[in-house]
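Here is a walk through a multi-chain model, one region at a time. Keep the viewer open and follow along as we go.

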Amino acid sequence: MLKNLFMTAALAVSLSAGAAHAADTVKLADVAELSGAGAAAGAVWHDGVKMAVEEINADGGILGKQIDLVAYDSQTDPQNSRAMVQKAIDEGTYVLLGTVYSSSTVVNMLVAMQNGMPQITGSESPTITAKNNPYIFRTAFGAQKGLPKLAAYLKNVVGAENVAVVWANTEYGKGGHDAFASVAKELGINITVDIPTEQAQVDFAADVAKIKSSDADAVFVYLTEEESARFLIEADKQNLKLPTAGDTVLASQKVIDLAGKAANGALGHVGLTTEAPIPTIQKMAADFKKKYGYGADHNAIKGYIGVYMVKYVTEMIGEFDRQKFADTLHGLCLDAASHPGILMDACWDNTGEMSRASFLVKVVEGTQKITATLPAN
Amino acid sequence: MTPKNIIFAIVAVGLLIIAPLGQGNYITYVLCSWLLFSIAAMGLNLTLGYAGQVSLAQASFMGIGAYITALMTLNGIHWILAMPCAVAATFFVGLVLGYPALRVQHHFLAFVTLAFNTLVFLAFRNEEWLTGGSFGLVGMPRPDFWVFSTMKQLPFYYFTLVCFLISAAAFWWIVHSPWGRAFKALRENPIRANSVGVDTRRMTLLAFAIGSAFGGLAGALMTPLVQFIEPGSFALVHSLKLLLMVVVGGAGFFFGPILGAAIVILMPEVLRFTEGYYLIIYALLVIVLMVYSPTGLMGLGGKVITRFRPQREVRKDMVQGAQL
Amino acid sequence: MSETILSVRNVSKNFGGIQAVREVSFDVKRGEVLGLIGPNGSGKSTLFNCVLGQLKPSSGEVHVNGRNVAGMRACDLNKLGVGRTFQQLSVFPQMSVIDNIILAGQEHHGTMLSRLFGPSDAGLTAEAEQMIAFFRLSHLRDELAGSLSYGQQKLVDAAMAFMAGPSLVLLDEPAGGVNLTMLGNLKERLKTYNESHDTTFVVIEHNMEFVMSLCSRIVVLAEGAIIAEGTPDEIRNNQQVIDAYLGG
Amino acid sequence: MPEFIQIMISGLSAGSIYALAAVGFTLLWQASQTINFAQGEFVMLPAFFVLALMSFAGFPLWLAILAAIALSVLLLGAIFKRLIVEPMISHGTLPLVIATIALGLLLKEAVKEFYSPLGQPFPSLFPQEVFVVAGASISIPDIANFIIAMGTIIALQLFLQRTRTGRCMQATAQNPDVAQILGVDVKRMVLYTFLINGALAAIASVLITPVYLAKFSNGEVLGVVAFTAAIVGGFNQIRGALVGGLVIGVVDNLSAIYFSAEYRQAVPLILLIVIILVRPQGLLGTAEGRTV
C-alpha cells in the first residue's frame, strides 16, 4: 500500500515536470475510447485527430506553436473518462478533444465545465447540448437534428406510416430512439414495434421475426456497426422486404463491408461520409487510407475536424485563451473555402450544437450512393 | 494490537493524510476512487477470503448502494441519512443472496452470484422510471457537514478517508472477533465448524450480508464522488475487477484487497507508457502472479520474506487459500 | 442409578429395500464409555449418524439428555452437550492450535452480539490453554493446526470435542492411523478425562485392543442388529461375536 | 405461427453451436476442475486465425480452417494446459479462475491490438440459399451448422463410449485416483481433454462467425452462454451440455419475442439460478457425479 502511494507521488512529480517544458508547444488532450466496447469508434476518432495534428504541425502549428498531442484512454468507462478528463486538465491541456461515446461525454463534460475547459466532442446524443454547458462543442450535429430529416423522408418519400424501431438499449441507442419517437409523433408516424436490443447482441433472429409478423411498412435501425450488420444479415435471411433506414451508421462503409449484399437497399441519413461529393473530404479520406491502411469513417472525420476547429478559432482570437475560445466558437460559422480543414461549411450555436449540410444515402450494390444533399438545419 | 502494529497504523494513516497534498485534482480523484474500491474489496474479502463464499456480485451491491444514495440525495435528503439506508439495504439483499450459498457451493455459487449481478444490472437499465435507465442519474450533490463542504476534491478526499478508516477499523474488529474466527472456520472446514456449535447457516448469511454492506457503503461514496451513475458501472465486469483486486492483493489478508485495489486502479497509470498494450501486459502479469503465487501479492511478500529468513518452514496448506 | 444420557429406542433405518439398522435399542448412562463395534457393513456408521441427527431413523427414536435428535443440526446438537471427533482429520488447518480450541468453545459463551463486540477470545484463552496443556500440546500453542503431525492433529480434534464441556462425546475411530506411542497417549488422556469429568463416551473403533482397554461396556452390531452386549471380557469370549467377525 | 417456427429453427441452429462451446466447458471441468472463464474468447479467437491465415499467408478458406483448428488444438489446448492450468492445478480453483479471467482479457486485447478493433466479415462456408417452410425461412447454413454441431458432439460421445482411449478419459473424469490405479495414463487423458476443447472451440468459431462476424469482444457474450448452457443441461454429461445449448438458444429467442426484449438476457439466467437451486445436477445430469 505504501509503495503504491509513493508510486503515485512520484508519478505526479514527473507529470508536473513534463508540463513545465511546454514553452514552445501547446498541449492538446484527446480523451477517447481506446479500449473497451467503444474501441472501434474511439480508435478511429483518435487516428483522425492524430492525422490532423501531424498536418498542422508540419504546416507550422498553431500560432507558431507545435501541438503536443496526448492520448488518454477512457476504457469506454464513464467514470474512468471523468478521471482522464480531470487528468488532462491537471496536465494543462489547452482544449479537450473527445469523448466519442455519449455515456462518457455526459459525465466528463461536467468536469470540463467546472474547470472552464472547452471540450470538442464526437458524441451525437441529443442530451449533450441540452444541458446548457457553455464549454461543449460538437463535431457532428446531434441526433435530434438529423432524425427529423430522416423521419420526413420515411414519411414523404418512402410513404411509411407504421414503422418498426430497432435500437441498441444503451445510452447511445436510447437517445436516438427517444429522438426518433418524438419526431415520429409530430409527423404522425406510428411506431408499431419497438425493439430494444442488447449491447453486443449477436442473435437477431427473434427481433427480425417479430418485425416480420407485424404490420410495419418500414424499419428504423439505430444500432452500432456490428449489430447493424448482424441485423441486416438476419433480415436478408428471413427475407424481410421492408425499407430499412437508419442514421450515419446503418449505411456506413463499415456496415457494408460487414453485411455484404445484405446491406443493399439500406437507407441512411448521414452527417459525414467519405463518399460525399466534396473534394476536401475525399482528399482527407484518401490521405487517411494511405496513412493508416484502412478507410476513414465519420468518426475519423469528426476527430480530424475537431483539431482544425482548435486551430482556426485560436488563430482567430490570436492567443491561447480558453474562455475566449469558447466565447468565439459560440455563434461562429466557418466556411470550408477559407478553412479547408473544416471540410464542410459549419456553424455552432450558443449551446455548442452544430449545423451542417447532410446527405441521404442508399446502399446500392455494396457502395454508398448519395441520393440527396440536405441543407443545414 | 501489538505496539509494532500500532506504530504501523499511525504511519499509514499519516501517509494517507498527506498523500493528496500538493497533488492535482486528478491524483486526488484517483486516490478517492482507490479508497472506495478498497472498501468494496474489503467486503468481498470478508465473504470470499475469510468465509470462503464465492461472490461475483460485489459490483451489484455497489450499484444498489449508489442508486439508493443517488435517489435519496437527489430528493434533498442528506447523505448522512442516505448512506445508512444504502448500507442497510445492501445488508439485507446480501442476506437474501446468501441463501443459495446454503444449498450450493464453489462454482455453482459463483454462477448464481454472477447471474444475480447481471439481473441487477438489467433492472438498473430497464426500470427507467426509477433509475433513469441507460442515461443514468446525474448531478447528485456532495454532502456538507456544517462548515465542512466536500464540494472540492481535497475535502472530499478527507471525507472518503474518514469513511475508509472507519470501515477498515470495523473490518479489523470483525475479523479479529469470535465472528471472524467462525468465518475462517466456515472457510476451512464447515462440517467441523458446525459440529463445534458454529451455526454455519447463520454465519454464511452474515458473511454475505456484511460483505455486501461494505459494497453498499462504497456505492454510497461513489455517488457523490462521480456525481453520475449509470448501469454500466455496475456490470459483471466490475465484479470480476473486484474479484481480481481481492485475489491479486491476497484473499484472506487484511491488507490484501487494499493493495489489490491500488494495483488495479493505478496499473493503467504505471503502464501508460506502453500505450495500447497495457491491458495485455496487465493480464500477463496477473497470470504470472497467479502461477507463481496463488495467494496474491501478500503471499508473494511472505514468500520473499521466508526466502531471506527461513526460520519457519513453508507449509503446504498455506498455499491453499480460499478455494472455489 | 445414574441418569441416562443417550437412549436409542428401537431404531431401524432402511435405504430403499435394504435394512441397514434393525430394531436397535440401548442406553448409555452418565460416565460410561460405550464401544460400538462390528464388522464392515454391520450398520455402525448408519447408527452413528442417526445418533448425530444426520439421518432420520425409519422408525424408533434417539434421545440425548431426553431430547429427540432426529433432524437436529450439528450445531444445535453440540449446544445440547454433544461433542464429537471425526474419522478423517478434522481441524482448521490455517488457524493456530489455540484458535482451534477457542473456536470450539466460543459458541457456548455469551450471545451473538457479545461475540461481535466482546473480547476477541470470548474470554476463553485461559480455559483453552488448560485444555491444550491437558493434551500436552502447550509447546504447539501458536502453530498452525495444519502443520502438526497426524497424531497431534487427532489430539487437537479431541480437545475441540471436549472444549465446550459436553455431557456426551462421540468418538469416530479415534485410533485410526495413529502410531502406537501416540495411541497410548490418546487412550490415557481420554480415560483421565472420562474419570475426572464424568463425561460419557461412545466410541466407534476397529482397533479391538483400543476398544477393549478403553470401554466399560461394548455393543456389537452385525447385519444391522445387536448380537451381543456386555463388558469387554464378556465380549471377548462371546462365540457369536467371534463367528460374526471370522465367519461373516 | 410462422414466427414461432422461425424462432424455434433459429434458436436450434444457434443453440447447437452454443452446445459445442458448452461441451468443451464441461469436459474441462470434468477432467481438471478447470472453470474456464476464457471459454468465450476461445470461441472468438480461431476465426481470427482463419482470417489471418487467409490474408497474410494466402491460404484458401478450407486450408485456413484446418490450420486454424490445428492451431487452436495446439494453443488453446496444449499450451493453455501446459503454461496455465498445469502449474496451478494444485493451488485450488480460485487462482485458476482469476488466471482464466486474465487470459480472456489477454486474448481479447491481443486480437484488438494486433488484428483490429473493428468487426470483420467472415467468409461463409455454405451457399446462402434460403428455403421457406411453413412461412419460416431456413437457410442452408442453419441446417449445416446444426448437422455439423450435432455430428461433432455425437462423434465425441461415441469416441468416449466406444474407444479404449475414450473410456479411459471417462474413467479419469470420474475418478482420477482409481483410473491411475487401473493403469490409465491420467495425465495424457487430461491433455486429450484440453486438445478436444481446443478443437471444439475452433469448430464453433468457424460455424458461428459468418453470422456473428469476427470481433474481439464476441467472447463476452459467448462465454456466458456457454456456461449457462453447461449448467442448465448438466455439468457432468456431454448430452446435458448439448441439451443445455439447444435450450438456451431457443429460450433466448422465445423470451425476446414473448416475454420482454429488455429482459431477454434475464430469462436464461433465471433459468440458471432455478436449475442450480432445484436441480444442481442439471436437466440431464446424474446426481452422483455432482461435485458440490
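In this predicted model, chain C holds an open sheet of 4 strands, arranged in the order S2-S1-S4-S5 with antiparallel pairing. At the edges sit strand S2 (18–29) and strand S5 (67–68) of chain C, each of which pairs on one side only. Follow strand S4 (residues 59–64) of chain C to S5(C), and you will find an antiparallel pairing over 2 bridges. In one of these positions, C:His63 has C:Asn68 in S5(C) as its bridge partner. Helix H1 (residues 44–51) of chain C packs on this sheet, where the helix touches strand S1 (4–15), S2 and S4 of chain C. The direction of H1(C) makes about 125° with that of S1(C).

Now turn to chain A and look for strand S8 (residues 218–222), which is mostly covered, with 5 of its 5 residues buried. In a regular strand, side chains alternate between the two faces of the sheet. How are the faces of S8(A) covered? On one side A:Ala218, A:Phe220 and A:Tyr222 are buried, and on the other A:Val219 and A:Val221 are buried too. S8(A) also has parallel partners: strand S6 (residues 162–168) of chain A is joined to S8(A) by 5 bridges, and strand S9 (residues 244–246) of chain A is joined to S8(A) by 3 bridges. To place these pairings on screen, find A:Val166, which stands opposite A:Val221 in S8(A), and then A:Phe220, which stands opposite A:Ala245 in S9(A).

Two packed helices are described by the angle between their axes and the distance between the axes. Helix H1 (residues 2–32) and helix H8 (residues 186–212) of chain D pack at an angle of about 165°, with their axes 9 Å apart. H1(D) and H8(D) are therefore roughly antiparallel to each other, and their crossing is left-handed. The residues of H1(D) that meet H8(D) include D:Ile17, D:Leu20, D:Gly24 and D:Leu28; among those on the H8(D) side are D:Val190, D:Phe194, D:Asn197 and D:Leu207. By class, this contact has 16 nonpolar, 4 polar and no charged residues.

Finally, step back to see how the chains meet. Which chains have the most contacts among the 4 pairs that touch? They are chains B and D, whose contact takes 35 residues from chain B and 33 residues from chain D. On the chain B side, helix H4 (79–103), helix H5 (106–126), helix H11 (236–249) and helix H13 (278–292) each supply at least two residues. The largest share, 10 residues, comes from H5(B). The residues on this side of chain B divide into 25 nonpolar, 9 polar and 1 charged.

Chain B also meets chain C, with 20 residues of chain B in contact with 28 residues of chain C. Helix H8 (178–188) and helix H9 (190–195) of chain B each supply at least two residues of the chain B side, and H8(B) gives the most, with 7 residues. By class, the side of chain B that touches chain C has 6 nonpolar, 7 polar and 7 charged residues. Chain C does not touch chain D, their nearest C-alpha atoms being 15 Å apart. Chain C and chain A do not touch either, and there the nearest C-alpha atoms are 25 Å apart.

Methods: Residues are numbered from 1 along each chain as its sequence is written. Chains are lettered from A and ligands numbered from 1 in the order in which they are written. This is a predicted model: local features need pLDDT of at least 70, side-chain atom pairs count only at pLDDT 80 or more; totals for chains, interfaces and linings use all residues. Axes are lines fitted to C-alpha atoms, for helices over the stretch in contact, and angles run from 0 to 180 degrees between N-to-C directions. Angles under 35 degrees count as roughly parallel, over 145 as roughly antiparallel, 65 to 115 as roughly perpendicular and the rest as oblique. A crossing is left-handed if the near helix is turned anticlockwise from the far one by less than a right angle, and right-handed if clockwise. Two residues are in contact if their C-beta atoms, placed from the backbone, lie within 7 Å. Ala, Val, Leu, Ile, Met, Phe, Trp, Tyr, Cys and Pro count as nonpolar, Asp, Glu, Lys and Arg as charged, and the others, Gly among them, as polar. Two strands pair if DSSP finds at least two bridges between them. A residue is buried if 20 or more other C-beta atoms lie within 10 Å of its own, exposed if 12 or fewer, and partly exposed in between; C-beta atoms are placed from the backbone.
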